Amino acid sequence: MRQHDYPHLSSSGRIGRLATKNRIVMPPMGTNLASRNGEVTERLVAYYEERAAGGVGTLIVEVAAVHPGGRAIPRQIGIWDDEFVAGLSVLAKAIQKHGTVCAIQLHHAGRQTNASITGEQPVSASPLRCPVMQQVPRELSTREIGEIANAFGSAARRAMQAGFDAVELHGAHGYLINQFLSPYSNHRRDEYGGSRENRFRFAREIVEAVKRDTASDYPIIFRMSADEYMPGGLVSEDAQWIAQNLEQLGVSARFGRRLWLTGSDGAAYGDSSGSACTPCRSYKERGRRACYRCIQITPTRTCGTSIEAR
Ligand SMILES: Cc1cc2nc3c(=O)[nH]c(=O)nc-3n(C[C@H](O)[C@H](O)[C@H](O)COP(=O)(O)O)c2cc1C
């Protein structure tokens, strides 16, 4: 890659109050290198430190479970308890040592996991069989939905205490937040299902919980699917509406908060033969285009592995 072809890529950027040394972002990628109990390991720290030393401006650490019942991989990083803060702090420091801004992705798999990983029946917005894991989840009660939103808030507080510069909410790839957002996976008849506003309620409550439990200017990133490529699923017009609503929540003058959106090809269904991120078959033809559309429709423009700061 010739640097003068991409003059902005190596220039500094901003994410809210954060200055980034360049506009290259390493997106979250699950490594399965935490301990079986979710603790940060030496291998995990070494892996991330090496990536930071490579010069990336912003690094988003992989899926960290806000609840043990929401783990998607056996050795997933845990952030559901205060006991994880010390290890997470070692990880954040190892990345920041290289001048890299570091965020951590807060995650709940919902139905897209199985009991052999979590030890319990997966949960979701509705009791619809997961097309990836093939298990039927249990429908969450409204009380449990509130508890999980609070778990995201507490997890964000731990990330901040551990020294992470920002958190990313995993609202994409068919995981729990996405399951609520999408009419494909959300068939509820209460205030969390049906209309677009109702399906958005869970995400809204999570953002509010994160705001409540962290500092007023703590940056929040939201990763969302631009198009699910599923009949009855989210399409880019929905993503546009969701993005605008998230931004309204996140840049509220009262909190002075910036909210960043990371676009993604989005698809999570249709091909479960590969890794967790293996996109559906239509990805090759349509995924990239949707990704770039997402850049255009979101007022805060971040997508994939590059970032345009404002
Ligand atoms: C092994 C692997 C693990 C991944 N884990 C995560 C993850 O933890 N969280 C996430 O949002 N995306 C995850 N992804 C998706 C990547 O962040 C990224 O979106 C994908 O590789 C496509 O890259 P692009 O967005 O630059 O096109 C993973 C991808 C791979 C290959």
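Predicted model: local features only at pLDDT ≥ 70, side-chain atom pairs only at ≥ 80, totals over all residues.
I will start with strand β6, residues 101-107. Of its 7 residues, 7 are buried. Both of its faces are covered. On one side we have V101, A103, Q105 and H107, and on the other C102, I104 and L106.

β6 has strand partners. Strand β4, residues 58-65, runs parallel to β6 and is joined to it by 7 bridges. The bridge partner of I104 in β9 is V167.

That brings me to V167, which sits in β9, residues 166-171. Is V167 buried or exposed? It counts as buried, because 27 C-beta neighbours lie inside 10 Å, and the cut-off for buried is 20 or more. Leaving out residues up to four places away in sequence, V167 touches A103, I104, L106, A156, A159, V210, I220 and I221. Another residue to look at is Y218, 51 residues from V167 along the chain; the two C-alpha atoms are separated by 8.3 Å.

Now the helices. In general, a packed pair is described by the angle between the two axes and the distance between them.

Take helix α4, residues 142-162, with helix α2, residues 85-96. Their axes come within 8 Å and cross at roughly 55°. That angle makes α2 oblique to α4. The crossing is right-handed. Which residues meet there? From α2 they are V85, L88, S89 and A92, and from α4 they are R158, A159, Q161 and A162. By class, the residues of this contact are 5 nonpolar, 2 polar and 1 charged.

α4 also packs against helix α6, residues 196-213, at an angle of about 40°, with the axes 8 Å apart. The crossing of α4 and α6 is right-handed as well. On the α4 side the contact uses I145, A149, N150, F152, G153, S154, A156 and R157. On the α6 side it uses F202, E205, I206, A209, V210, R212 and D213. This contact has 8 nonpolar, 3 polar and 4 charged residues.

To tie the two parts together, look again at V167. Its contacts include A156 and V210, and both of these also take part in the contact between α4 and α6. A159, another residue touched by V167, is part of the contact between α2 and α4.

Definitions and conventions: Residues numbered from 1 in each chain as written. Axes fitted to C-alpha atoms, helices over the stretch in contact; angles between N-to-C directions. Helix = DSSP H or I, 4+ residues; strand = E, 2+ residues; numbered from the N terminus. Parallel < 35°, antiparallel > 145°, perpendicular 65-115°, else oblique. Left-handed = near helix turned anticlockwise from the far one by under 90°. Contact = placed C-beta atoms within 7 Å. Nonpolar A, V, L, I, M, F, W, Y, C, P; charged D, E, K, R; others polar. Buried ≥ 20, exposed ≤ 12 C-beta atoms within 10 Å, placed from the backbone. Pairing = 2+ DSSP bridges.
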